[in-house]
Amino acid sequence: MLLTDLPSWKKLQAHRQTWNDVRMRELFRSDPGRFGRFSIQLDDFLLDYSKNLINDETLALLRQLGEEANVPAWTDAMFSGEKINFTENRAVLHVALRNDPKRPIMVDGHDVMPGVVQVLEQMRRFAHAVREGKWRGHTGKVITDIVNIGIGGSDLGPMMVCRALKPYGNARINMHFVSNVDPNHVGDTLDDLNAESTLFIVSSKSFATLETLANAKIARRWLVERLGSDLAVSRHFVAISTNEEAVKAFGIDPENMFVFWDWVGGRYSMWSAIGLPIALYIGMDQFEEMLGGARDMDEHFRADPLSSIPGTLALLSIWYQHFWDAPSHAIFPYDIHLSRLPAYLQQLCMESNGKSTTRLGEKVNYPTGEIVWGEPGSNGQHAFFQLLHQGTRFVPTDFMLAAVTSHPFEGLHQMLVANCFAQSEALMLGKTEEEALAELKAEGANEDAIRLLLPHKTFPGNKPSNTMLYQKLTPRTLGRMIALYEHKTFVQSALWSINAFDQWGVEIGKRLSSVLIRELGEDKAVTTHDASTNGLCDHFQKLKGDKVFPPAES
């Protein structure tokens, strides 16, 4: 049944009409207990969702909608290993990667946990050897630089976490991430490296991902040219893959291949061997702390999906997308270490839920997939917060903030905290015409200036936000936060009756690009496409002139 056909949908439509003249500032004024009632705490991790256009009736109706959409049943199905990724006939078990090893999870009659534990142990041994200087390069040098070559989930997750947990990183090891087939990406990275002390991680389940293999082959050639032997590859490359034959053909010792499974989706894979760059940088103990944080959130979510932190955020997103015409959602981490979190969440949310076909193959008749965007605070305040405060767009926002910073320079963290709290308060309160008028008069403005400036000095307010506050950005805290958004995304997909775990839309561009790669390497006009594509190819050939580009290695 489509979301819009559920009984509580019409109740929510009627309920929405009661909010037309309601102001959040009045809700707080009339209800001193609002913060306590609309906040949830998991140890030190607090979600304050009191600055939302909701009341008890709103939450009850949204949770009723979740029950009617069978969110609890879908949650049980995911955690129990059912093949809810039905278009690929796969279980969805990123939760198994951080599960209690003693608690079995069955797929096709087999417990997956022994395999998970085995890979974690392999990661521990390798991470310890590299970090302690026992794993050395071809010429005997210790590893000082690690380059992860991947794309999508094999890049965004590990890169985001390594930046987020920099205070926990090994001071001797520099992390680099190459994903783009723009030659400047791999070229600029290699320019700064010493081949003797560089380790490459090639992350590709099939060991056939076009972008990843193209960059890996360039890195291999660079290494062999500098160290003078193909034998160097086995000491400077490891693989995260399931294709042992292709890994071996590349020159990587199969003993240095780390596996993962088809029930681990790419954008949910940082908990698996794809997280090897994280383990190498922060150490396996801290990596397992991050797994523990994710497990904390898994247990919290599973216990009561619709009243949990992820479930609450998912229901609020449905409320705003469908009843307040809010297609986008902004993410503002007030922590520069989380600078890549918005980009990571873009893939998690938009690749998962950018679907228009239901599980039954019907076209949906409602919007799906939030448009996720954002930047760290307080930079964003001087970039796009103007649109949030006075623009015509209605954009719900998430703020996140640590109470304790890694660098307690005098006054700076207090300033950051004040800015974060002030922005959420200003979005909620706005500024009435009466308040703006009083300000202008206090500043000594004359009547002409007041008449001119008054409309520009008022703010509508009533803009919703959530704030996540935690003691410190530790591996455990980060694990909780990432798992939170994974489960939020899952709940949204269950409500929309779509499959959050495939990504067929990614494939169409890949197929067309493979044809164009071949055609652009030929010395003749491209004529097999539409007029625009043919014209662009022709103009490209003219612009590059006689410059010959070697074709990508097959």
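Where is Asn89 found, between which helix and which strand?

A: Asn89 is found in the loop between α5 (71–79) and β3 (106–107). Helices (H or I, at least four residues) and strands (E, at least two) are DSSP runs, numbered from the N terminus. This is a predicted model, with residues numbered from 1 along each chain. Local features need pLDDT of at least 70, side-chain atom pairs 80 or more, while totals use all residues; side-chain values use heavy atoms, without hydrogens and water.

Now the backbone. Asn89 is not a glycine, yet its phi is positive, about 55°. Most residues other than glycine have a negative phi. Asn89 counts as exposed because its relative accessibility is 52%. The cut-offs are under 20% relative accessible area for buried and over 50% for exposed, with partly exposed in between (1.4 Å probe, protein chains only).

Asp325 also has a positive phi of about 55° without being a glycine. Its place is the loop between α14 (309–323) and β10 (328–333). With a relative accessible area of 65%, Asp325 is exposed.

Another loop holds a cis peptide bond. That bond joins Gly377 and Ser378, with omega about 10°. Ser378 sits in the loop between β11 (371–374) and α16 (385–390). Most peptide bonds are trans.

For context, take the whole chain. The secondary structure comes to 22 helices and 13 strands. Of the 554 residues, 52% count as buried. The C-alpha trace spans about 80 × 60 × 60 Å along its principal axes.
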